[in-house]
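My notes follow the order in which I looked things up.

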Number of protein chains: 2
Amino acid sequence: MTGMARWEPDSRGRLRHAALDLYGERGFERTTVAEIARRAGVTERTFFRHFADKREVLFAGSEELQETMVRAVADAPASLAPLDAVARGVEAAGAVLPDREMARRRQTVIAANAELRERELIKFASLSAALAETLRGRGLEDPAASLTAEIGIAVFRNAFERWLAADDERDLPALVRDSLEQVSALAAGR
Amino acid sequence: MTGMARWEPDSRGRLRHAALDLYGERGFERTTVAEIARRAGVTERTFFRHFADKREVLFAGSEELQETMVRAVADAPASLAPLDAVARGVEAAGAVLPDREMARRRQTVIAANAELRERELIKFASLSAALAETLRGRGLEDPAASLTAEIGIAVFRNAFERWLAADDERDLPALVRDSLEQVSALAAGR
């Protein structure tokens, strides 16, 4: 990547912007890789050096997101309660998300296409499995490990949706903490 | 259905058994509707009177499951805490599930096929949305309604997986209550 930067400044970022523009203008289905590359001012060959296909432009951040969350949970102090360790992962996720306007446009594209919605569900299922595995690595047994991971994902998605919908400047970590407090209140209210 | 019962005794049930047998023997991909119908001793026309395609044989119970859960949550006493209202729905689900041996065979088929795993994820996402809507109908606001529904689904899936994996006679409602207790303990331990 560093070598490429001299002759293709941020082609990856330009491809992501061009793809979101085109998906928004004419829909995901009717956009081709050739059009994305042309809009970004690069060749198709360059597109495929960065992304496997036009769908993966939307999900390219998922691996980084998962690695970031898993590392934060693994590195959380051993003294932390499981849900608080997962909360560290969810808060760390905020650091690798795109800015809110880009995230909103991405979500609009995904919401309009069944295949993309499925892909999103699969990514979250994979994330949940990775978090459960990390929690077992911290010595938490099942079923607690799986349940903690699922609650972590629910909190992340909930806070993320509220962040996308918000018209104020509330930040994602604050919404994550709020969603987690809601879970505690719900469990305590039984 | 009542009219059909006289000349096609339980053809629906026989089709489900035949499909599970064939999916287990030769795999979901390599099984055709014609083969399922032949094994069940009915015509293809009869197959399509009961199921849209060979995939839906595996998911035909989903609507009934969703209706049962939604009704139980809607009918739960207003005094019940949200998570306990959802627990009523999850416990009610146990009544419409197939027997454990059938459920295990179904799960083995789904686990082996990416398209079927996706379909399962979509069914759970739809179930979660329906439960959240029902909770809002009970006067619970978001984000609590969405979070409660997500926790309910997590508890259901967790208890269901443990039920499938168990080699003893523990029943699903007991496992549901146990998973829910685990959630409470996790939330209280923060």
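This is a predicted model: local features need pLDDT of at least 70, side-chain atom pairs count only at pLDDT 80 or more; totals for chains, interfaces and linings use all residues.

I superposed chain A on chain B: the rotation is 180°, the shift along its axis is 0.0 Å and the RMSD is 0.0 Å. That is the relation of a two-fold axis. I then checked the contact residues and found that 100% of those of chain A recur in chain B, so the same surface serves both copies.

Entry 2, interface. I found 27 residues of chain A in contact with 27 residues of chain B. Which elements of chain A give two or more residues to this side? I listed helix H6 (82-93), helix H8 (114-137), helix H9 (144-165) and helix H10 (172-188) of chain A. H9(A) gives the most, with 9 residues. By type, I noted 15 nonpolar, 7 polar and 5 charged residues on the side of chain A that touches chain B.

Which residues of H6(B) are buried? I noted B:Met69, B:Ala72 and B:Val73. They cover an arc of only 95° around the axis, so they lie on the same side of H6(B). I looked at the other side of H6(B) too: B:Glu63, B:Glu64, B:Glu67 and B:Asp75 are exposed there. Last, I traced the packing: the buried residues of H6(B) pack against helix H7 (82-93) and helix H9 (114-137) of chain B.

Definitions and conventions
Residues are numbered from 1 along each chain as its sequence is written. Chains are lettered from A and ligands numbered from 1 in the order in which they are written. Copies are superposed by least squares on the C-alpha atoms of residues with pLDDT of at least 70 in both. Two residues are in contact if their C-beta atoms, placed from the backbone, lie within 7 Å. Helices (H or I, at least four residues) and strands (E, at least two) are DSSP runs, numbered from the N terminus. Ala, Val, Leu, Ile, Met, Phe, Trp, Tyr, Cys and Pro count as nonpolar, Asp, Glu, Lys and Arg as charged, and the others, Gly among them, as polar. A residue is buried if 20 or more other C-beta atoms lie within 10 Å of its own, exposed if 12 or fewer, and partly exposed in between; C-beta atoms are placed from the backbone. The arc is that of the directions from the helix axis to the C-beta atoms.
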